[in-house]
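Subject: Handover of a structure and its description

Dear colleague,

Please find below the structure that I am passing on to you. I would be grateful if you read the notes with the sequence and the model side by side.

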Amino acid sequence: MALDPHPDTFSVEFLLNGRATCAENLPPHTTLLDFLRSRGLTGAKEGCAEGECGACTVVMVKDRRAGTAYVPVNSCLLFLPMAAGQEIYTVEALAGNGSLSEVQQAMVDYGGSQCGYCTPGFVMSLFAEQHRPGREGPCDPHSMAGNLCRCTGYRPIRDAARELGPAPEGAFRARLANPAPRLVPVSCPGFSRPGTLAECLALMAGHPEARLIAGGTDLVVEANLRQRRFPYLIGVEALEELRVFRASAEGIEIGAGLSFAEIDERWRAMAAAPPVPRAWDDWVPLFASPLIRNRATLGGNLATASPIGDGAPLLLALDARVRIAGPRGERMTPLDSFFLDYRRTALEPGELLVSILLPAPLPAAARFYKAAKRRMDDISTVAACFAIDLDDGGRVLRARLALGGVARVPLRAVEAEEAILGRRWNQDAVRRARDVLARTLHPIGDHRGSAAYRLALAGSLLEKFWWEQQEELAA
Amino acid sequence: MKIAGQPVPHESAHGHATGEALYTDDLAGRFPRLLHAWPVLAPHAHALVTALDAAPALAEPGVAATLTAADVPGEADSGANRHDEPLFPSEVMYHRQPVAWVLGETLEAAQRGAARVSVEWQPLPAVLTIADAIAAGSFHAGPLHLRRGDAAAAMKASPHRLQGELAIGGQEHFYLETQCAIAWLDESGGVVIESSTQHPSETQEVVGRVLGLPRHQVTVECLRMGGAFGGKEVQANPWAAIAALGAWKTRRPVRVRLPRALDMALTGKRHPFLARFEAGFDGEGRLQGAAIALYSDGGWSLDLSEPVMWRAMFHADNAYFLPAVEVAGTVCRTHKTSQTAFRGFGGPQGMLVIEEILDRVARTLSLAPELVRERNFYREGQTTHYGQPVKDAARIATIWRRLQASSGFRERRQEIARFNAAHPHCKRGIAITPVKFGISFTATFFNQAGALVLIYRDGSVQVNHGGTEMGQGLATKVRQIAAESLGLPLQALRMMPARTDKVPNTSATAASASTDLNGAAVADACRQLRARLAPIAGAMLGCPPEAVRFAGGEAFSEGDLVQRVPFAQVVEAAYRQRVALFAQGYYRTPGIHFDQKTGRGEPFHYFAYGAAVAEVEVDGFTGGHRVLRVDILHDVGESLSPLIDRGQVEGGFIQGLGWLTVEELLWDAEGRVATNSASTYKLPAWSELPEVFEVAFLEQAAEPGVICGSKAVGEPPLMLAIAAREAIREAIAAFGVGGVVALDSPATPERIFWAVERGARRAGFRRGRGAGGGSGPRVTLAEVNGLACERFVGSLGGVFEQSPWVAERAWWRRPFGDVDALHAAMRFQVAAATRAEQLALLRAHPDLGARAAMSATSAGEQAGAGLDRLTPDEFARLQRLNARYREKFTFPFILAVKGSTKHDILVALERRLENGVEEEFQEALLQVYRIARFRLEESVT
Ligand SMILES: Cc1cc2nc3c(=O)[nH]c(=O)nc-3n(C[C@H](O)[C@H](O)[C@H](O)COP(=O)(O)OP(=O)(O)OC[C@H]3O[C@@H](n4cnc5c(N)ncnc54)[C@H](O)[C@@H]3O)c2cc1C
Ligand code: FES
Ligand code: FES
């Protein structure tokens, strides 16, 4: 397939299936997927161009806590310049001299393909899973939860995964003994990837038209589906300042540029950090898919400020504050004053999110809930995170009722919180809060759910929270 | 060593796993100077194109050409049957219908060019729902009829009766590979199209028609499809036609590929249905009589809607004997995508209706649904409502018994009851449902197939036949059949892609019958070749031809274990003796016929049977559900390819589950597909895979007269998923206290939530909200547009009688440009509401003349019409007519009386009493819309 030539000279280099590859003279919004296919690597398919189907899955070599890893990602959601300096493998690399890799053989033997259009994507996700550093026992089928199959109904693919043991000896396993390539700064027409925060701020100051791009899971969808064109993009992937993960007496600081997969891994690995709260355990598997979690960042999620984004309710309930850097230095803002209006935030021109702070102590009893049409990997109809601390007498000492999908912005239902402060945390209190929610929230109706349903859910999820607490107390 | 019946992997599995298997668009890189096509799309659901100027597109760098009606050498229409699908319409019939195309050196150039084409539109009113279509009399076909006995009399004589409605949502095919075609001119003036099509011969026909070429000038090839499910049976044709037209005009290769969003906006889907039904039954739940009226939303053109409706009507019995029944089917014409074939082809909708009826019967009588189902099963010797004997009817009960035992149905029911007693907010449900599905194209002449088998001198073989591969395993099965027949290992046979220049005049690969048809045709060709080779092998082996056997790539004499001749040597010898090494095969299904006029015949070669048990868990707080376990026992005859068959059963079940639960297809008030992307239209994903998923095949079920004794398996399993829907209903019922559980399809979390709410938590917090009405303070449109939802409902909640939900659901469409738009938005919500909600709305209206029960607003309107000044005669007449009306239609007579006299009212009442029930239901809704209009004019300035 021919791609649009770009007037400016532009060249991006990366390692593709073990070979240095150079892409030139292409517009910066060309996706990696389109590039691969234009080069005859047609194993990766386009099923949706928005990160939902996984037919375009490829792997990138990345450093992870447990070691060097093959990280599967949606190639439809990477602008080509974002691939600069990365090491990428496609399905074409897997089979050597006519013999299938173990993963491919298992898919064949178990009847894991019917029309076969989704198969290369599944193979790549499963390949990454088989090579996951530190993995023990059979492969986890949920590693393929970002891949859709319209034909098989998944059962044979599940069985294929469960049949696979440790990664076989060979070049792919050997590759993981060495670190991943270091991300280097990139600069080409229409795209820059600065190496430091200072450079980034300077670029932003010099390019008022610029948009930041982190994982690209929001921005590239806009380009692919709504033909949005960005005159200048600044990638934040190489900014170490945005990749911190620190625990201190004050709390936890999470870099805005870390992917969700990285945050999860670091949090669990860090002994000094306060234990992972229940709400985070609830939240992670409900957020998109493993493929998206390998790219999507907290910074991108908050800056997008979608009223149905899942990051905000969680963080609002945890009293998060955000660290913002800009031309006039750094500042901190509580998250509950960050969302100004529909998709508008307190970020001023030239500013970016550096990190998110969760003050200690983290509420022990917080829970996160997400109601959506599909149980997993769907956008929320309503998302909620509730954190309630009780005093010794069982009265509400502190209440955080955070909700998404019920207004133009994610919000804390402050009036409902106030209505239960100092009260015994019982069904009566739940009813009071529900009444206030019903009076004060003004959700909209759309294809995800009617306004009435959303309103009902806000109260109903709170009741669910209460019930689950009671059940746990009883158990 | 038998090859047929072995669980071999998919014929292309290796290529699937390595990415080497090619699909149409993967070829794009092989065409130098390829042009990319992009359409100019209509921004209205219904409008006249009053002017179109494509020339500005040519000024855009990289644009090579434009395509408009003037470029068409033949007939500019791709409609399969009725020629009712203009490629360059002057009147657009659905939102985003293409009106012209732009060809560019790159896709972006074509897109930029398309944006520059100038079009002027004159918008026209659009019909967007089945209800609107019925009201407007907008139909493609029907009513079609199937009848047995006197249903009305049978129902009248029944001790129990019920009636109801069911709205059934459509389904997007969401084949992972979207529509695609690449066309170029061949070396001798013909055109070749690589197309992702289930029906290469029809694609060839349409291209020939558009280009004005005889069919021998047009060659269509389909390598394989990345899924199709019926969505590429006829709907691949327009894109192939545009590609071919582009190639014809520019003499360059042209590619048309619809990205997902376009594919979802432009292509047809599974038909949404509306069913109205009445049934009479005895105290044990046995149906005595039933009347079922089916309406399908056919969209803008006829497409396959008529045969789809026939199949729905054929399957309105599912596995049950209906002693007296009347089934009517009407295809509605709406300004939407043209709905089309989708796995099951109407069968699923028909079956869902009878399952709905039986469940209601069971809940009305407080009987276990599985008991009521079983009591109504067909018995050996009975015939269907169209007069076909139900062959092997006893299998239904056999499967039922075995599956109940193997799934532990009874014990699990008790466990579930214990679970439910302990969990007030989370309930489980279990259900078992049967499937009986007729196999054959219902249009008899489609039931034929051809094949061409070529043996080369080295003993390798090419197999051609008319079927296409879309993942269903046809190539795998046919290869097994040919290998078995010629005694060759699988690798010795190469399956060729479907091409119209190898096998002509093929039928669509559809109706689950492709293995039956193409497999038999290939077997016929192989039989001939074997017969020609046997004498030659016999001469080499020194035995009579009858004793020659072919197996394992060798020929040998039966009983002689030592002497063998390699197949290739036999072939070479045959060549030298001038024996033809290729053969054509042909097959037509015997004994099937159907007469549409009388509604009688035997349209099916046989029936495929099966049953499923599903267990689900419903979260009462959200309406979310989880499928915990599924057990299936299915009749595939003698399985020809067990790995393939199991894949079809499991995949079909999950696809059916999607249709009935997560997949909600919505159109907005402008007629746009509101769920037009992978992020808004959700397919079953990993989370829908039940943790326990047991599939078994009925044993000793070989089907005589079908290739290898196997049965078709592509479509029937989809309908096994009805068990999951019924299990959900069972769980919903567990929240309540019994009685019918109304649940439209799909069973989304929201629908389940409200169903639970209705059953168990009737006193929810939403009660008492916004019942205000038109007599309240007047507000301006600007104020209305600024109101928060609650206030909005507060001021407009009474516009539709005692139904504030209408305002509530319309609120999100703010801002409204004028009162018309506001009215349209509210009206849309009513039209989109469930049948039960619509009925409740009608019933909320005060009875004519009985003022006591009236709201303030209605009292005002009726006083002005002089109804309080009736003479005693008039009064008596009104009361009499009114009573009859209520009895017939079960809702009060509604007339937008403003400006009518009492005489007008009496006349209207009398006239409308003549209406059919459905007709009057729609009439009443229209009156309600009109009343709402008066009220809006009074409340909003
Ligand atoms: C298939 C799919 C599923 C999804 N599912 C979910 C889901 O379940 N829940 C959910 O909430 N979201 C979901 N999303 C949305 C998206 O993944 C998230 O919002 C994600 O967190 C965005 O992060 P990103 O790094 O990819 O953002 P990007 O696309 O890179 O950027 C998004 C926006 O944030 C800005 N930005 C990025 N980094 C910064 C920074 N450091 N400072 C200031 N501005 C910044 C960018 O300029 C851009 O405007 C889904 C998306 C896809 C494609
Ligand atoms: S194409 Fe569907 S996820 Fe990339
Ligand atoms: S095999 Fe067809 S989509 Fe997975």
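Predicted model: local features only at pLDDT ≥ 70, side-chain atom pairs only at ≥ 80, totals over all residues.

Residues are numbered from 1 along each chain as its sequence is written, and chains are lettered from A and ligands numbered from 1 in the order in which they are written.

Chain A as a whole

Chain A contains 15 helices and 20 strands; these are DSSP runs, numbered from the N terminus, with at least four residues of H or I for a helix and at least two of E for a strand. Its radius of gyration, taken over C-alpha atoms, is 23 Å, close to the 23 Å of the globule rule for 475 residues, so chain A is as compact as a globular protein of that length. The globule rule is 2.2 Å times the number of residues to the power 0.38. Along the principal axes, the C-alpha atoms of chain A fill a box of roughly 70 × 55 × 45 Å.

Of the 475 residues of chain A, 58% count as buried. A residue is buried if 20 or more other C-beta atoms, placed from the backbone, lie within 10 Å of its own; it is exposed if there are 12 or fewer, and partly exposed in between.

Domains of chain A

An automatic or database domain assignment sets the domain bounds. For chain A it gives domain 1 (1-184), domain 2 (240-363) and domain 3 (380-475). The C-alpha centres of domain 1 and domain 2 of chain A lie 28 Å apart. In chain A, 13 residues of domain 1 are in contact with nine residues of domain 2, where contact means that the C-beta atoms of two residues, placed from the backbone, lie within 7 Å. On the domain 1 side, S4(A) gives the most, with four residues.

Strand S4 (residues 67-74) of chain A also has six of its eight residues buried, so it is largely enclosed by the rest of the structure. Strand S3 (residues 57-64) of chain A runs antiparallel to S4(A) and is joined to it by eight bridges; two strands pair if DSSP finds at least two bridges between them. A hairpin of two residues links S3(A) to S4(A), and A:Arg64 has A:Gly67 as its bridge partner in S4(A).

The shell around ligand 1

Domain 1 and domain 2 of chain A both give residues to the shell around ligand 1, so the ligand lies between them. Of the 35 residues around ligand 1, A:Gly215, A:Gly299, A:Gly300, A:Asn301 and A:Ala303 come nearest; a residue is near a molecule if its C-beta atom, placed from the backbone, lies within 6 Å of it. H11(A) provides the largest share of this shell, five residues. By class, the shell has 17 nonpolar, twelve polar and six charged residues. Ala, Val, Leu, Ile, Met, Phe, Trp, Tyr, Cys and Pro count as nonpolar, Asp, Glu, Lys and Arg as charged, and the others, Gly among them, as polar.

The contact with chain B

This contact takes 75 residues from chain A and 74 residues from chain B. On the chain A side, the largest share, eleven residues, comes from H15(A).

Yours sincerely
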